[in-house]
Every structure is written in structure tokens, then in C-alpha cells.
Amino acid sequence: MSCKFRLLLENADQLVVICQKEEEFLLLEGMQHLVVLEKASLVIGNDGYIKAIGPTETIHGQFSHAEFETVIDCSGKCVLPGFIDAHTHPVWAGDRVHEFTMKLAGATYMDIHQSGGGINFTVEHTESASEEELFCSFKQRLERMLRAGTTLVECKSGYGLKLDTELKMLRVIERAQREMDIGISSTYCGAHSVPKGKSVKEATDDIIEHHLPALKQMALNDEIHVDNIDVFCEKGVFDLESTRQILLAGKAIGLHLNFHGDELNPMNSAELGAELGALAVSHLEEISDEGISALAAAKCSAILLPTTAYILRLKQPRARDMLKAGVIVSLGSDFNPNAYCFSMPLVMHLACVNMKMSLKEALAAATINAAYSLGRSHTHGSLEVGKQGDVVIINAPRWEHVIYQFGGHQELIEYVAIKGKIV
Ligand code: NIG
Ligand code: FE
């Protein structure tokens, strides 16, 4: 006999929810809506959505154990929303551990990029890898993300550059979407680097005239569905004007705009994102004051990536200035061969220590705001009745432990559930 409900989490020492919020994101002034319930329970239905949240006694009065497929006693534990990683480059072949040594010896990101390493190195190896090899390593990476509490992750292509290899990467992402439980938001990032032997104009034209029409056709054929378009808007990569052209062409085929900007040099990328109605701009270490105001006014999220500033010893993104100005701040791991980090708990930890975010600000940035940056905050990013039942259960009496403890989350994170299914 099938049960009426999928999962009951009862008697949690703490359960982090969002209360009385009107919009699908949290600004600095709205952080009080992130509320910690004590001795609380949560019900997830057979459809994978949250049916009830409340004090354990109230939930006991409304539901009986017999109605549930699975009941977990959460005493001594805390329940949090699943983490959302708003920025990753997880499909690639070719190890770059040797570049870590070069960087430690003083080479900059651009030194390595311009000498043919960096993205170009990964592009060569990704081109020669088979689709099956790429899928296997991608799957293992997603499994590691899941074990660190990530339940929805943005995944970029961008180590193909040529149409065939970009499509190979996007097919790998599509397959994982179909076969795995973890949620995926898929991003076409063909403008991640200018291919060898091409000018910026030639690369831009190729993307607009060949890549994007191919993506449109693939979606119509139900072969590949892409959610977002990304460009690396940077000095020596795609300039502001080519970035604008590519993003507008992507928008015209229905993609969300979500791109890399103002990372190593000030480019006015934030201003461009605001002007074009982008959902988000990532990195922003070099954002201007005007860029900060523009993001706030346009409700364009800033996806901050503390691992990048850490590994490249860049200046930290100005998280406090952005929060004070009313920007929707999100977080991502930036997982890629340069910043080899799967863990959103570590990302939140770095955001607090290095970017001076509060614990609640970091959690909101890695859940509800990250969901907003992917256009998913109506269904994801918080524990609220009606939202998807994606949860992380930690073996600690206070939720802050998930940020406070750094390194080795395997023992701390006891369960991860997606749509109420323990994974
Ligand atoms: O977000 N900045 C551009 N792209 C990636 C790095 C990609 C790579 O080095 O392979 C980033 O950090
Ligand atoms: Fe990136």
C-alpha cells in the first residue's frame, strides 16, 4: 500500500525557514525573515513538495506516522534548505594541478591563460575526451556536490568553444538532468575564451550565426534544453560590446542572461547586466560604485565566488557594500579546474570570514538568492509550504555548524533529500 506522504522530519532542534516574505529573494533589510524554528517538524508529500512545517506537537496533532513512507527523528539535528550552487564549470577533462604550483610561485591567472594554459588547456583535453568519459567524471563531481549538501547546481559548458564540443558538453549536462536526482540549471558558455586563431569579432559572429541557432533547433527537437547564456566579459577575452551582442542574441532565443564580469579588470559589466535585464552577473571583484547601484536598481543578482579570490589571491568582492546598497547577493563555488571546490559549506565559510558576510546572509546567498539568480526561487531555495522538498540534515544542535566547521562535512551532513527522497 502506498503511503500518503513521502517524508516526515520530526523534532529537529532547529529548522531554518523563511517567514512572511513577499519577494523571492532576501536583501540585507529582509534577513529577519530567515527564521529558526526550535523543536520543529516538516512534511514532504508524494509529489516532492513541502506540505506542512511547524512545532513538532502541532504536526503530531495533524499527521500520523503511518501516513509516511519515511520518518526521521531529527532530535539533536538541524534541518536546512538544500544548498544552491549558482556558478560552476563541472564538465571537463584534463587535470590542471600543475597550474596550482605555477600560481603558488607567482604566476597570475592571465599569465597562464595567455601562455596557452588555463581555459585553453582544458579546451584541448575536453575536445579529445569522449562523451562517455565526460559524463562519468561529471557524474562523480555531481555526487560529491550532493554529499556536500548541494541540491540544485548551475552547470556551464564553455570548454568546447567550437560548436561540436559545446554541444557534446551540453548533451552531457542534459543526460545528467534526465538520469540524476540533483537539480541542474544548464548554461551555454561558448564565449568563455576566444578560440585560437580567431578574432573576438569572428568568435562573436560564429556564436550568433551558428551556435545559438543550433541551440534553438536542439530545444525544438527536444534534444538539449539550455536555461542560461554566459560570456566571459574581460580584458583580453570578450569586450563589453561583443558581450552585449552575444547576450542579446541569447535573450532573443529565450535564454536567461547570467555572465562573468568585472573579475580581473573593471569592465562596466555590472552596468551592462542591469541594462540588459540579466538575472545575474558573477565575480565582480572589480565592480564600480555605479555598477553596485545599477545591480540593486535592476534586481540583478551579484553571484560572488569566494573561492576565486582565495585561490588567485585577488581582492575580495565588496559583499558588504553590495548588501548595504540593496543588491541581491548570491554565492557559487565556481567549481572548475582553477578553483577545485565542490563544497557550498566551505564557500559560505569563506564568504563570512573573507567577505565579512553574516551567517544568515551567507545562508540566504547560498539558498533563496542563488535560486533567484537561476530564475527558480518560486520553487527552490527555502523551506516553505508549496516549495520543493530539498533539505540538508546536519548532525549538530545549531544550524550555524554547517558554516562554522570547515573541511570534512561527511560526518556533519547526515542526510540530503531531494523532493523528499533521501539521496
Ligand atoms: O569563473 N573566469 C572565467 N572562468 C572561470 C575559470 C575557468 C578556468 O580557469 O578554467 C571562473 O573562474
Ligand atoms: Fe566561472
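By a nonpolar core I mean a set of buried Ala, Val, Leu, Ile, Met, Phe, Trp, Tyr and Cys residues joined through C-beta atoms within 7 Å. Please keep in mind that what we are looking at is a predicted model. In this model the largest such core has 132 residues, and those with the most contacts inside it are Ala351 and Ala366. If we take alanine 351 and set aside residues up to four places away in sequence, we find that Ala351 touches Leu304, Pro306, Ala319, Leu331, Met357, Ala362 and Ala365.

Let me turn to a pair of helices. The axes of helix H9, residues 269-276, and helix H10, residues 289-298, come within 8 Å and cross at roughly 20 degrees. Since angles under 35 degrees count as roughly parallel, H9 is therefore roughly parallel to H10, and H9 passes H10 in a left-handed crossing. On the H9 side the contact is made by Ala270, Glu271, Gly273 and Ala274, which meet Glu290, Gly291, Ala294, Leu295, Ala297 and Ala298 in H10. Sorted by class, this contact of H9 with H10 has six nonpolar, two polar and two charged residues.

My last stop is isoleucine 394, which lies in strand S14, residues 391-394. Is isoleucine 394 buried or exposed? Isoleucine 394 is buried, because 27 other C-beta atoms lie within 10 Å. The C-alpha atoms of isoleucine 394 and glycine 76 are separated by 9.0 Å, although these residues are 318 residues apart along the chain. Leaving aside neighbours within four places in sequence, isoleucine 394 is in contact with Lys77, Cys78 and Leu80, and also with His401, Val402, Leu412, Ile413 and Glu414.

Notes:
Residues numbered from 1 in each chain as written. Chains lettered and ligands numbered in written order. Predicted model: local features only at pLDDT ≥ 70, side-chain atom pairs only at ≥ 80, totals over all residues. Buried ≥ 20, exposed ≤ 12 C-beta atoms within 10 Å, placed from the backbone. Contact = placed C-beta atoms within 7 Å. Axes fitted to C-alpha atoms, helices over the stretch in contact; angles between N-to-C directions. Helix = DSSP H or I, 4+ residues; strand = E, 2+ residues; numbered from the N terminus. Parallel < 35°, antiparallel > 145°, perpendicular 65-115°, else oblique. Left-handed = near helix turned anticlockwise from the far one by under 90°. Nonpolar A, V, L, I, M, F, W, Y, C, P; charged D, E, K, R; others polar.
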